[in-house]
Amino acid sequence: MGELAPLVAMSAPFPGVSAVLQHGEALGLWRFIRLDVPRTLDFPRGSTVILGAWAQGYGQLVDALLLQGCRGGVLWTSRVGEMGFESSEVRAFAQLLQDQRISFIWCGDPVLGGVKLGSGKAFFAPYPVQVEDLRNRSVPKTDSMTLFCPATLKKNLPNQLMAASLLQGRLGLQLHTNVPQDPAWQAIAPIKATWYSWLPQEQYDQVLLRSRLNWAVSYAETFNYQAAEAIMRGVPCVASPTIPFLSRGGLSIVRDVNDAFEIAKVAEAIVADSEAVDLQLELLQDYAMWANAQLKQALRQRGLC
């Protein structure tokens, strides 16, 4: 990483944000410190620190970093479309642009990072991706499908649950999901499902390995590591064009994410295609090679590594 002081990443327990920083650490780009784990924060004086998103208490952390001769920046993982669902994100991003303590804002959205905003501190770079073939052919597939995501507006859950109900009527696949059960939606689109809270990694892996299909048809994304996790474990995804590594895949892409009939039709075609996950894994591998190279170049250009 050159002769500069080490690059350190820190984040509150935001799953999507933490995934970016975990993959970067696995690739040797920085050291990742999880702020939800009690510890003494130790890093070399003069370090550059990436803060994952923005959380309560980060302001005090930035002040402490400055006293240590460090410079701090923020990884912003929301796209413009996502910020439209959460007005608090719009205000937070505007404040970061004006905050003199923040040296840079790494945006996962090419629009936010590509438009000259205020101080010019924002820039775009794709996320790091460590791709592994984690398929385990000794684990038999069952008649199941998976939907694991936060229950936020951007995830397009009504359309995905309606499509899953339609697909279940055709193929009989049991849904496994962490999305909270809503009795009203069960009345509209009845579906047989197994509901989970937050799963330990080993149990989560086993649920995925047995699945025939993973749902990832959201309104807005900058990446979607959950879809990547499913593909690496041999589960093809039905996806929206917002997922960059699948957007050129053809078969897996839903064009109208507001049409549950189309979502269910595409999902059924994916389940019937025995080569779908192989194609998706190839797309993910190709994307990772490009993204990792682009990220390293962007960090060097900004003097961050």
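The crossing of helix H9 and helix H11 is left-handed, a term used when the near helix is turned anticlockwise from the far one by less than a right angle, with right-handed for clockwise. The model is predicted: local features need pLDDT of at least 70, side-chain atom pairs count only at pLDDT 80 or more, and totals for chains, interfaces and linings use all residues. Residues are numbered from 1 along each chain as its sequence is written, and side-chain values use heavy atoms, with hydrogens and water left out.

**Helix packing**

Helices (H or I, at least four residues) and strands (E, at least two) are DSSP runs numbered from the N terminus. Two helix pairs are set out below; axes are lines fitted to C-alpha atoms, for helices over the stretch in contact, and angles run from 0 to 180 degrees between N-to-C directions.

| Helix pair | Angle | Axes apart |
|---|---|---|
| H9 (residues 225-232) and H11 | about 125 degrees | 9 Å |
| H6 (residues 157-171) and H10 (residues 260-272) | about 50 degrees | 8 Å |

The angle of about 125 degrees between H9 and H11 makes H9 oblique to H11. Angles under 35 degrees count as roughly parallel, over 145 as roughly antiparallel, 65 to 115 as roughly perpendicular and the rest as oblique. On the H9 side, Ala228, Ile231 and Met232 make the contact, and on the H11 side Val277, Gln280, Leu281 and Leu284; contact means heavy atoms within 4.5 Å. By class, this contact of H9 with H11 has six nonpolar residues, one polar and no charged ones. Here Ala, Val, Leu, Ile, Met, Phe, Trp, Tyr, Cys and Pro count as nonpolar, Asp, Glu, Lys and Arg as charged, and the others, Gly among them, as polar.

H11 itself (residues 276-301) has 26 residues and reaches 37 Å from its first C-alpha to its last, close to the 38 Å expected at 1.5 Å a residue. The expected span is 1.5 Å times one less than the number of residues. Just after H11, glycine 303 takes a positive phi of about 70 degrees.

For the other pair, the angle of about 50 degrees makes H6 oblique to H10. The crossing of H6 and H10 is right-handed. Residues in the contact include Met162, Leu166 and Arg170 of H6 and Phe261, Lys265 and Glu268 of H10. By class, the contact of H6 with H10 has eleven nonpolar, one polar and three charged residues.

**Sheets**

Strand E8 (residues 174-177) pairs with E9 in the parallel sense over three bridges. Leucine 175 has alanine 193 in E9 as its bridge partner.

A further open sheet has six strands in the order E2-E1-E3-E4-E5-E6, and its pairing is parallel. Its edges are strand E2 (31-34) and strand E6 (122-124), each with a single partner strand, so one side of each has no neighbour in the sheet. Neighbouring strands of this sheet are turned by 25 degrees against each other on average, direction ignored. Strand E5 (residues 102-107) and E6 pair in the parallel sense over three bridges, and isoleucine 105 has alanine 122 in E6 as its bridge partner. Helix H2 (residues 58-67) packs on the sheet and touches strand E1 (7-11), strand E3 (48-52) and E5.

Definitions and conventions. Pairing = 2+ DSSP bridges.
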